[in-house]
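Take a look at the protein below. Then read on for a short report.

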Amino acid sequence: MEEFQFTGLQIATFSFAYSTGNANTNDLQLNLRGVEAIGTGDEIYTLRQTQQTGNTGEFDNGQFWELRGPDGDILARQLNPDDNNYQGLGATDEYIVFQGNSFGNVIISVNDLPTEPTDLTFTQADESGTVGDGDDDGNYDFTEAATAVPVCYVSGTLIDTPSGPRPVEQLKAGALVVTADGGWDCVTWTASTLVKLDNSSMAHAPVVVKKNALGSGCPNRDLFVSPQHRILLDGPEIELNFGTPEVFFKARDLIDGEGVQQTFRRGLVRYHHVLLSSHQVIVANGLLSESFFPGPGSVTMMSAKTRRSLANVLGATLEYGPLARPEAHPRLANVLQARLRAA
């Protein structure tokens, strides 16, 4: 059985729905009346499958789903996807409509929905999402609903700027950030994702690099990052083992159970992306680490909405420059740790 998580802004109830026009004449529309989000962007709701059909890759009429609130309480049972209704506009790459029950009619979307009752209209153009909205097959697939796994800094991380350290959540496009190369670069895009950590998602829990774990003042306070986030190491040991003075390591590959650990705690964590005009080494809590790098792995793990937002900045192909420094293979990170412990 499948399970997906959404923010309170991605799930809404509506009073009623009707279609106008015809698919054959390309003027088909789905009209939803009184659409209103059930929560906020800081709340996580869980959609859990309770009955399957033969189609296991997408939402399909005949399945049943239950909706649970942020506290785990069941809000709705036996929600049935209405994908085949409204001449096929009951589901597209961007949303899925569920048949109503005592909880009400429900729509779930890759986009944020209105916080006050609003009438919405969807057309056939929505069947194939814009850049990043899905695989353009006209169906709301499980891949479109998959929980985003972000790559970056936890809220509260202090990023060095020309005017002093600033919390990462305060950085916006146009802000300047100090780089390790002795200059500064401009923020071109920021985004954040709220993740609910439980038994099924603990692999995405933050890694903490404890104060002074990598040297005096490195970091100058505990630094919390996503497991895939790259940390820069330098020094004689690095050059001896890698043939270059500076190398990136993923935070998860530096875990030693002491100075670098993964924080297995249930709850909510918000990760922040900070994209600069090129990939840079920046200073976070006094430690050299990376700005956001939109490589295939990190982009694939983004939500559809975030990918679309990034495409608006980088273009449809999401082309970007190279990594600012070489990256170590995970196996080599383990070798380096063993040699350092033996030294």
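This report covers confidence, the nonpolar core and the aromatic pairs.

The model is predicted. Its average pLDDT is 84. At least 70 is reached by 85% of the residues. Strand β12 (residues 158–159) has the highest confidence, at 98. Helix α1 (residues 142–145) has the lowest, at a mean of 61. Over residues 128–136, pLDDT stays under 50. For that stretch the model has 24 contacts beyond four places in sequence.

Next comes the core. The largest nonpolar core has 35 residues. Tyr153, Ile159, Leu223 and Leu310 touch the most other members. Several elements give two or more residues to this core, including β15 (184–197), β21 (267–276) and α4 (304–314). Strand β17 (223–225) is also one of them. Leu223 has contacts beyond its neighbours within four places in sequence, among them Tyr153, Val208, Ile231 and Leu287.

Now the rings. The structure holds 7 aromatic pairs. Two of them are set out here.

| Pair | Centres apart | Plane angle | Type |
|---|---|---|---|
| Phe59 and Phe98 | 6.1 Å | 85° | edge-to-face |
| Tyr95 and Phe122 | 4.3 Å | 35° | tilted |

Each pair links distant parts of the chain. Phe59 sits in the loop between β5 (44–51) and β6 (64–68), while Phe98 is in strand β8 (residues 95–101). They are 39 residues apart. Tyr95 is in strand β8, and Phe122 is in strand β10 (residues 118–123). These two are 27 residues apart.

Notes:
Residues are numbered from 1 along each chain as its sequence is written. This is a predicted model: local features need pLDDT of at least 70, side-chain atom pairs count only at pLDDT 80 or more; totals for chains, interfaces and linings use all residues. Side-chain values use heavy atoms; hydrogens and water are left out. pLDDT is the predictor's confidence in each residue, from 0 to 100. Helices (H or I, at least four residues) and strands (E, at least two) are DSSP runs, numbered from the N terminus. Contact means heavy atoms within 4.5 Å. A nonpolar core is a set of buried Ala, Val, Leu, Ile, Met, Phe, Trp, Tyr and Cys residues joined through side-chain atoms within 4.5 Å. Buried means under 20% relative accessible area, exposed over 50%, partly exposed in between (1.4 Å probe, protein chains only). Rings of Phe, Tyr and Trp (its six-membered ring) pair if their centres lie within 6.5 Å; planes under 30 degrees apart count as stacked, over 60 as edge-to-face and the rest as tilted.
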